[in-house]
Amino acid sequence: MRYISTRGQAAPRDFEGVLLAGLAEDGGLFVPETWPSLSPAEWRALRGLPYPELAARLVQLFVGDAVAPADLRRMCAEAYGGFGHPATVPMSQIGPRTFALELFHGPTLAFKDVALQLLGRLFDHVLARRGERITIVGATSGDTGSAAIEACRDRAAIDITILHPLNRTSEVQRRQMTTVLSANVRNIAVEGDFDTCQDLVKAMFADAPFRTDMRLAAVNSINWARIAAQIPYYAFSALALGAPDRPVAFSVPTGNFGNVLAAWAVRRMGLPVERLIVASNRNDILTRFLSENDMSMRPVEPSLSPSMDIAVSSNFERVLHDALGRDGAATGAAMQAFRQTGTMPVPPAAWAEMRGLFHGFSLSDAGTLAEIGRLWREAGYLADPHTAAGTAAAALLAPEDLGIPVIVAATAHPAKFPDAVERATGLRPPLPTRLGDLYQRQERFDVLPADLATIEAAVRGHALRNAA
Ligand SMILES: *Cc1c(COP(=O)(O)O)cnc(C)c1O
């Protein structure tokens, strides 16, 4: 399996190269050179497999020879064995034909665990074979740092340092990170805000000697391996509801476009996905694009669904590349213009093609609370604010009279956003019992000033201690 860059200037790579590189050298994102595709009979044969087994079979199509099938099966079994539900990604029916695909039963209660639990193991496996180590550094406003920490904890070839802004995350968010006491995990509370943390991480990557010396890496959603690891749950849910013999629609709460891209991928691989709904909050660049071909950046506004508070959706480039006939030069030019002017010029034909499949929807904070309340009253279902954008979008854009099942990606556990859920329903969702002692666990983190030399020294010291 080979991968090409969406901007057409970087040399093709195999899966291992793509996993370790993240971004392509020409600034583009890696996509499969040719998409694996399954016949209806091949899809039917996968129906009913336990989730870890299905995941291993589908991810193998993208991994190629980089990892032996027996190793990948073991990694999937380990990654998903720790989930808090025997089905890994169970579905709850919340309407006559509407289903919530619960992707939040992993260690940090959000969908990113599904990909990252496997990604940490893939990194470790490949690095061990090469006799190499890497250092992951990241900044978090609270929400995504814990998924990266849980993915990397105790992995032999990885050190991870996560910066969070001192006293500016919720206590649950901080504790989900700082109570991981593994030797290869370091948490730093920076005296500053989230932007300060993010600037420090950028500065570390821009410091070429430091970056090379420490073998800095990131686990963000532009890494193709993350997309590959999200494809199986869309296949799993569609197969369970009758695909390939019955079409389905997906509604996906969207920020960086990574999760909905994986839903698009199963269609590319031959499953009958009739409609893809892109649900957003008031940060509605994708809704504006899909309704009037207006892909223009606006400042990010905070909302009740913080993981969808984005100005741009980086993974959109992968779908654009396809809609432009896989023309790397055209994709690169559009992305370049976007960066320079803040508006992406998308040719009308490509826009029309995307609009035939993707439907955009954005939900206000008031609408989010109303939707959480409606789901609770009508279906007895507690949804988090991100999931609520997906269910509200599904009700409007894939109505029951469409006649096909609609699968909504439920991306976070309601207990992760208890304040919004309580405002909407009067109920405060408790943490699952496996996390119930979070407030009693011991914490470990360092408080450091927002100074690049100090932070770099801390990252270096941490990595050296573990390599020894
Ligand atoms: C990250 C995240 C999203 C957005 O996913 P993308 O892949 O960035 O589109 C939605 N909901 C939750 C809870 C998340 O953590």
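UniProt annotations may be inferred rather than shown by experiment, and their positions are given here in the numbering used for this chain. With that in mind, the UniProt record, an unreviewed entry, places the feature "domain: Threonine synthase N-terminal" at residues 2-80. The model is predicted.

**Annotated N-terminal region**
- Residues 2-80 are 49% helix and 11% strand.

**Ligand surroundings**
- The ligand is surrounded by 13 residues, and the closest are Lys112, Gly255, Asn256, Asn259 and Thr411.
- By class, this shell has eight polar, four nonpolar and one charged residues.
- Lys112 places a polar side-chain atom 2.6 Å from an oxygen atom of the ligand.
- Gly255 uses its backbone instead: a polar atom there is 2.7 Å from a ligand oxygen atom.
- Gly258 also has a backbone N or O atom 3.3 Å from an oxygen atom of the ligand.
- On its own the ligand has 380 Å² of accessible area, and the protein covers 95% of that area.

- Rolling a probe the size of a water molecule over the atoms shows where empty space is left.
- One cavity of 30 Å³ or more turns up in a search of the whole structure.
- The largest cavity holds about 30 Å³ of space.
- Phe257, Val278, Leu286, Leu290, Phe316 and Phe358 line the largest cavity.
- The lining of the largest cavity consists of six nonpolar residues, with no polar and no charged ones.

Note on methods
Residues numbered from 1 in each chain as written. Predicted model: local features only at pLDDT ≥ 70, side-chain atom pairs only at ≥ 80, totals over all residues. Heavy atoms only, no water. 1 Å grid on protein atoms, 1.4 Å probe; cavity = no way out; pocket = protein on both sides within 12 Å on 5 of 7 lines; lining within 4 Å. Points joined across faces, edges and corners; volume = space filled by probe spheres on them. Nonpolar A, V, L, I, M, F, W, Y, C, P; charged D, E, K, R; others polar. Helix = DSSP H or I, 4+ residues; strand = E, 2+ residues; numbered from the N terminus. Near = heavy atom within 4 Å. Polar contact = N/O pair within 3.5 Å; in protein donor to acceptor, adjacent residues only side chain to side chain. Areas by Shrake-Rupley, 256 points an atom, 1.4 Å probe, with all protein chains shown as cover.
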